Amino acid sequence: MEPDIAHGKLPAPHQRSRSSTFTAVLLTLFLLTFLLLLHLRLSSVLFSNAGATAEANAAAGSCGDTCRIVLVESIPEGMAFGNGSMPNPSTFSVWMKLLGMTTRRLDIASFYWTMTNKDTQTQEPSADQGERVLQELLQLPQRGIAVRIAVSRPSAKSPLSDLRALEESGAAVRVVDMPRLTGGVLHTKFWLVDGTHLYLGSANMDWRSLTQVKELGAAVYNCSCLAGDLGKIFEAYWALGVPGASIPVPWPANYSTTFNAETPLELKLNGTDAAVYFSSSPPALCAVGRTQDLGALLDVIDAAEDFVDVAVMSYLPTTEFSHPARFWPAIDNRLRQAVFERRVKVRLLVACWHHSRATMFPFLKSLAAIADNRTRYSVEVRLFLVPATAAQAQLPYARVNHNKYMVTEKAAYIGTSNWSGDYFIQTAGVALVVNQTGSRTSTVRDQLQVIFDRDWSSQYSADIGDTERWQSRCGSH
């Protein structure tokens, strides 16, 4: 007798029918589940292979993105350049464009926030641009866009209304306590959009940076290779924005980079071959592989064979904010060495305004004094004076050339730091270094050269020896 499981009997015919149907359903479910898991596994493998390929390309120093770079300027209201000079896109227009392009996330590294008249206790119509940018930023979280802001620890007198409004809108804000961590500040100024587009330059999150201060930066579009690398610097700031955070020694591997002065990222910028990398300061914030900002700056000077043109707000071979102040001739010595040993021509364009340090001018005169008819060394130093009406002169911390860049016959260096010791020793900053030698088409280096030459030869530029023209306007008296 053939027993069944329970009673030693065969199932009845209707039982066999239900059993067969149940078995078929189980087999179908099993097959569907198997196929789904197989699909997910294959997708995972393909994604991993794609990621590995991308990492391999990055490790090899190449990038397949079609990257586009645009130089961006803020020209203070009331300033005009003659000789048919073509204006570059404004900082305001580029920031608004980036806001309109954002679909997933926006990360901003910033020194401080004063985007409204209320922040500066003014009633200036030109603050409208900053207020419009802020309003657009406040709308992003409502569209499901993740907004993260890393900002330097505000001083006791700093306005906080913008940051509080951003937090209330749904943005995440972290304060990086650089005074405690390094003794400096977070002086960096950059945007990252969807891990694909970026802005880096001299402009602060300040309405005056759009209409009342002369600024220069660069916007890079459709360049995930570069944006991803700059994102590592932002993530370092973000990690340090946690209360009680300390600087890791060493930084974990995910903060490291393969793009640096020795092995720059090779890509197409505006269709032209370029070698590009980001440098960072201070040294304590540089993960493995990251070129320190001072090192990048000196490398650009050292590589120059013909000329070095510099436009910067302040230039001092000393520290500015440490007590007591220290002599710090790292950059000044390297410029003098380039002039003396390689006969490189140096032109230095420094800002002149009420807040210029009086100690800066003797050093500038000393550098200019290297030029001599007998030695034929070529060094020129000029001061840039932004004009101001009586009303504009009353605006706090405005009407100044805030640029921070250098251009040689080989490279463009666009940074966020002034050229004195504190900015490279203690303060957080970033620079974009672009080398495009050998190209027959117009490059970002060529475009930066045009900007420098325009400013150098403009009516707003005064020779350091022409003290009657600038002395009453530069520095406190």
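Colleague: A crossing of two helices is right-handed if the near helix is turned clockwise from the far one by less than a right angle, and left-handed if anticlockwise. Is the crossing of α10 and α11 left-handed or right-handed?

Modeller: Right-handed. This is a predicted model, where local features need pLDDT of at least 70 and side-chain atom pairs count only at 80 or more, while totals for chains, interfaces and linings use all residues. Residues are numbered from 1 along each chain as its sequence is written, and side-chain values use heavy atoms, without hydrogens and water.

Colleague: At what angle do the axes of α10 and α11 cross?

Modeller: Roughly 15 degrees, with the axes of α10 (330–342) and α11 (360–368) coming within 11 Å. Axes are lines fitted to C-alpha atoms over the stretch in contact, with angles from 0 to 180 degrees between N-to-C directions. The two helices are therefore roughly parallel, the word for angles under 35 degrees.

Colleague: Which residues make the contact?

Modeller: Asp332, Leu335 and Arg336 from α10, with Phe363, Ser366 and Leu367 from α11; contact means heavy atoms within 4.5 Å.

Colleague: New topic: where is Gln394?

Modeller: In the loop between α12 (390–393) and β15 (404–408); helices (H or I, at least four residues) and strands (E, at least two) are DSSP runs, numbered from the N terminus.

Colleague: Is Gln394 buried or exposed?

Modeller: Exposed, because its relative accessible area is 65%, and exposed means over 50% (1.4 Å probe, protein chains only). Gln394 lies 9.7 Å from Thr122, C-alpha to C-alpha, though 272 residues separate them in sequence.

Colleague: What does the chain's pLDDT average?

Modeller: It averages 89, and 87% of the residues score at least 70; pLDDT is the predictor's confidence in each residue, from 0 to 100. Over residues 1–22 the pLDDT is below 50.

Key: Buried < 20%, exposed > 50% of the residue type's maximum accessible area, 1.4 Å probe, protein only. Parallel < 35°, antiparallel > 145°, perpendicular 65-115°, else oblique.
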